[in-house]
Amino acid sequence: MSASGGSMPPPPNPAAYFPAPRITLPVGLDILRTYSGVFICLEILFGALVWILVAASRVPLPLLQGWVMFVSVTACFLSILFLGVFLFSYTHRVAVDWNQMDFLFHAATFVFYFGAFLLQAATTSLHNYRCPSNATVLLSDQDYNISIAASIFAFATTICYGCSTALALRRWKL
């Protein structure tokens with residue numbers, strides 16, 4: 001009984017405030033048997049190759065390739081984290097709409113990686129450009145070849161993130 005003489009109201013229903021997580025992707029090792037799981041693994045692999053290739057080359061334009069490096073490293077780690085959430089079944093412990101989270105993550109990363117791909121391709125296109133001050137070539141032949149490989153893998157990673165975005169949108173809107 002309360003001080004005013006009436007009974008206390010019942011406690012609020014926590015299910016009303018925290019709805020059950022909505023997810024259509026399998027958890028555990030079964031995620032690796034889906035197209036989304038395969039694309040996430042390819043994103044990690046190709047993203048790591050972009051990271052390694054950009055780090056292995058002499059950086060002629062630090063501002064451009066610094067952004068490419070930031071995007072590739074961040075996206076690689078976030079993709080590993082995202083895959084780990086599904087592999088270790090943490091999706092049942094966090095009450096969010098995982099289909100929406102999947103779409104938002106892949107869409108944002110797709111946009112950032114597309115920009116990084118364009119900057120890497122722009123850096124690659126400077127192979128024959130000579131600095132006016134000392135007439136040296138901006139990219140040596142070896143750096144040019146590494147930059148071409150980094151551009152190709154950045155494009156492949158962008159395509160993987162685009163496919164993951166399309167699959168996530170389809171799952172989210174079902």
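**Entry 1: burial and overall layout**

I started with burial: of the 174 residues of the protein, 37% count as buried. I note here that this is a predicted model. Next I looked up the secondary structure and found five helices and zero strands. Read from the N terminus on, the order of elements is α-α-α-α-α.

I also checked how far along the chain the contacts reach. Taking contacts between residues at least 6 apart in sequence, 78% join residues at least 24 apart.

**Entry 2: α3 against α4**

How do the axes of α3 and α4 cross? I took helix α3 as residues 62-87 and helix α4 as residues 98-124, and their axes come within 9 Å, crossing at roughly 155 degrees. An angle over 145 degrees counts as roughly antiparallel, so α3 is roughly antiparallel to α4. I noted the handedness of this crossing as well: left-handed.

Then I went through the residues that meet. On the α3 side they include Leu 64, Trp 67, Val 71, Ala 75, Leu 78, Phe 82 and Phe 86. On the α4 side I wrote down, among them, Trp 98, Phe 105, Thr 109, Phe 112, Ala 116 and Leu 119. By class, the residues of this contact divide into 15 nonpolar, seven polar and one charged. Asp 102 of α4 is among the residues in the contact, and Asp belongs to the charged class.

**Entry 3: the loop between them**

I moved on to the loop between α3 and α4, where Ser 89 sits. Most residues other than glycine have a negative phi. Ser 89 has a positive phi, near 60 degrees, and is not a glycine. I looked up its accessibility too: Ser 89 counts as partly exposed because its relative accessibility is 27%, which falls between the 20% and 50% cut-offs.

**Entry 4: aromatic rings**

How many aromatic pairs does the structure hold? I found 13.

I picked Trp 67 and Phe 112 to look at in detail. Their rings are 6.0 Å apart, centre to centre, with 65 degrees between the planes, and the pair is edge-to-face. Trp 67 lies in helix α3 and Phe 112 in helix α4, so this pair ties together parts that are 45 residues apart in sequence. As for accessibility, Trp 67 is partly exposed at 32%, and Phe 112 is partly exposed at 46%.

I took a second pair, Phe 103 with Trp 172. The ring centres are 5.2 Å apart and the planes lie at 20 degrees, so I logged the pair as stacked. Phe 103 is in helix α4 and Trp 172 in helix α5 (residues 141-173), so to speak a link between distant parts of the chain, 69 residues apart. Are Phe 103 and Trp 172 buried or exposed? Both are buried.

I also found an aromatic cluster made of Phe 82, Phe 86, Trp 98 and Phe 105.

**Entry 5: α2 against α5**

The crossing of α2 and α5 is left-handed. Sorted by class, this contact has 20 nonpolar, four polar and two charged residues.

**Entry 6: two single residues**

Ile 44 was my pick in helix α2, which covers residues 35-56. Ile 44 is buried because its relative accessible area is 17%, and the cut-off for buried is under 20%. Which residues does Ile 44 touch, leaving out those up to four places away in sequence? I found Cys 76, Ser 79, Ile 80 and Leu 83. I also took the C-alpha separation of Ile 44 and Val 73, which is 9.7 Å for residues 29 apart along the chain.

Gln 142 was my pick in helix α5. Gln 142 counts as exposed at 58% relative accessibility.

Technical notes: Residues numbered from 1 in each chain as written. Predicted model: local features only at pLDDT ≥ 70, side-chain atom pairs only at ≥ 80, totals over all residues. Heavy atoms only, no water. Axes fitted to C-alpha atoms, helices over the stretch in contact; angles between N-to-C directions. Helix = DSSP H or I, 4+ residues; strand = E, 2+ residues; numbered from the N terminus. Parallel < 35°, antiparallel > 145°, perpendicular 65-115°, else oblique. Left-handed = near helix turned anticlockwise from the far one by under 90°. Contact = heavy atoms within 4.5 Å. Buried < 20%, exposed > 50% of the residue type's maximum accessible area, 1.4 Å probe, protein only. Phe/Tyr/Trp six-rings, centres within 6.5 Å; stacked < 30°, edge-to-face > 60°.
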